[in-house]
Amino acid sequence: MAVLSNVDVPKIITDLPGPKAAALIARDEKYLSPSYTRDYPLVAARATGCKMEDVDGNLFLDLTAGIAVTATGHCHPQVVKAIQAQSEKLIHMSGTDFYYAPQTELAERLCRLMPGPGDKKIFFCNSGTEANEGAIKLARFYTGRTHLIGFYGAFHGRSCGSLSLTASKPVQKHGFLPLLPGVHHAPYPNPRRCPTGTTPEEFATQCVIWIQEQLFERVLPPKQVAAVVVEPIQGEGGYIVPPDNFLPELKALCEEHDILLILDEVQSGTGRTGKFFACEHSGVEPDIITMAKGIASGMPLGAVISRAEIMSWPPGAHASTFGGNPIACAAALATLDLVEQELMGNAAEQGAFLRQELLKLKQKYAFVIDVRGMGLMTAIEIVSSARDDESIALRNTIIQEAFKRGLLLLGCGKSAIRFSPALSIRKEEIEVAMSILNDICRELR
Ligand SMILES: Cc1ncc(COP(=O)(O)O)c(C=O)c1O
């Protein structure tokens, strides 16, 4: 298939969904699991950078990057080339049973990128939820302890261990309880939920003290806790950035009780916030980091990275047939080259521009009540009244309207809209997106 030409987006030429899209959706509905959360009828055909073409030839501007995945932009030529070249040499040999160079090379590079001194080790898998499953097992194995602490609002995945730590929406757990025993949740310092008379920093301190006083001194002996698992920026929970003192104070609490700190950088990693890992903004060095999503720019790959001493489990303790597949590793190596050379810097620069433009919307429209995030992990909160259902409905209308005009967006949290484009997004593309969004907000005002 020819590469999408450099025409301007968006360009909508049919009703949406168009005839081919509608036909495919009808077939899809008959066979695909209804648990998927399709917000609007986009039937993707091909894409490049931030441009997406559907099966009817409509062109969209994509600010979702397939939920923060295509870090280098869709089908970046260097990533495509790496995939093609690797697929001609070796598609699969199972890195858990045999050796091959792309996996070793990627391991070296990612281990070097994990913050903190000393050697690191890595375990490869296929997804974010698997990375968190691996981290949970590793923390239990290394510490000999079983309990875990997660945070309200967190999203760590949907397999049973990760789902136990997830505390984002009840629908994610309904019908699946009970899950892993020994999982406890603590308040996450969402600056918007800060009690009156308290600064966000004081609130962050209070959340850490809550763990000490309400868990450790009442219900959960800290010597039984293997790990605290936390997103440096909550993703699915609403792109919530905690105050700067939160992670350092949490790390100090963990150190006091010999508890491992696991940072879930599945969404915030791979340069999205302008640094390779979001935790680098706070200077905190975690014991374990989990990654997935953008790491291979669209190929399925996840990783658990830890201090070498922690990854001390014996052969057979944990493995994955497909994890660290040669093609996924080759795509990740190409992604790393691009992210380190230019895209991380672009994420910081364009993220600042995006934020500035979103703040203009906030000034103009009363229902845009918050702009938050870091780099290209940025969101706006839509609140139209004291009633949640009305705010959610307005947020959903904005996303639907954007789709009709050729702009692809996704929600997060209760009533927020997230902007998680490719790290390669250009200023002009953000300007187009903002102009569409501004028109929609003006009409809905
Ligand atoms: C922070 C975080 N952790 C874990 C996951 C789960 O990743 P996956 O869907 O690849 O299992 C996600 C997915 O959205 C995520 O945002």
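Q: Which residues in H9 meet which ones in H11?
A: In this predicted model, Gln350, Phe353, Leu354, Glu357 and Leu361 are the H9 residues involved, and on the H11 side they meet Lys427, Ile430, Met434, Leu437, Asn438 and Cys441.

Q: And what classes of residue make up that contact of H9 with H11?
A: By class, 7 of the residues in the contact between H9 and H11 are nonpolar, 2 are polar and 2 are charged.

Q: How do the axes of H9 and H11 cross?
A: The two axes come within 10 Å of each other and cross at roughly 15°, and because angles under 35 degrees count as roughly parallel, H9 and H11 are therefore described as roughly parallel to each other.

Q: Is that crossing left-handed or right-handed?
A: Where H9 passes H11, the crossing is right-handed.

Q: Switching topic, what domains does the chain have?
A: The domain assignment gives domain 1, made of 19-76 + 342-444, and domain 2, which covers 78-338; taken over C-alpha atoms, the centres of these two domains are separated by 25 Å.

Q: How many residues does the contact take from each domain?
A: Domain 1 gives 29 residues to the contact, while domain 2 gives 28 residues.

Q: Which elements give two or more residues on the domain 1 side?
A: On the side of domain 1 that touches domain 2, those elements are helices H2 (65-68) and H9 (326-364), together with strands S11 (368-374), S12 (377-382) and S15 (416-419), and H9 provides the largest share, with 6 residues.

Q: What about nonpolar, polar and charged residues there?
A: The side of domain 1 that touches domain 2 has 15 nonpolar, 9 polar and 5 charged residues.

Terms used. Residues numbered from 1 in each chain as written. Predicted model: local features only at pLDDT ≥ 70, side-chain atom pairs only at ≥ 80, totals over all residues. Domains from an automatic or database assignment. Contact = placed C-beta atoms within 7 Å. Helix = DSSP H or I, 4+ residues; strand = E, 2+ residues; numbered from the N terminus. Nonpolar A, V, L, I, M, F, W, Y, C, P; charged D, E, K, R; others polar. Axes fitted to C-alpha atoms, helices over the stretch in contact; angles between N-to-C directions. Parallel < 35°, antiparallel > 145°, perpendicular 65-115°, else oblique. Left-handed = near helix turned anticlockwise from the far one by under 90°.
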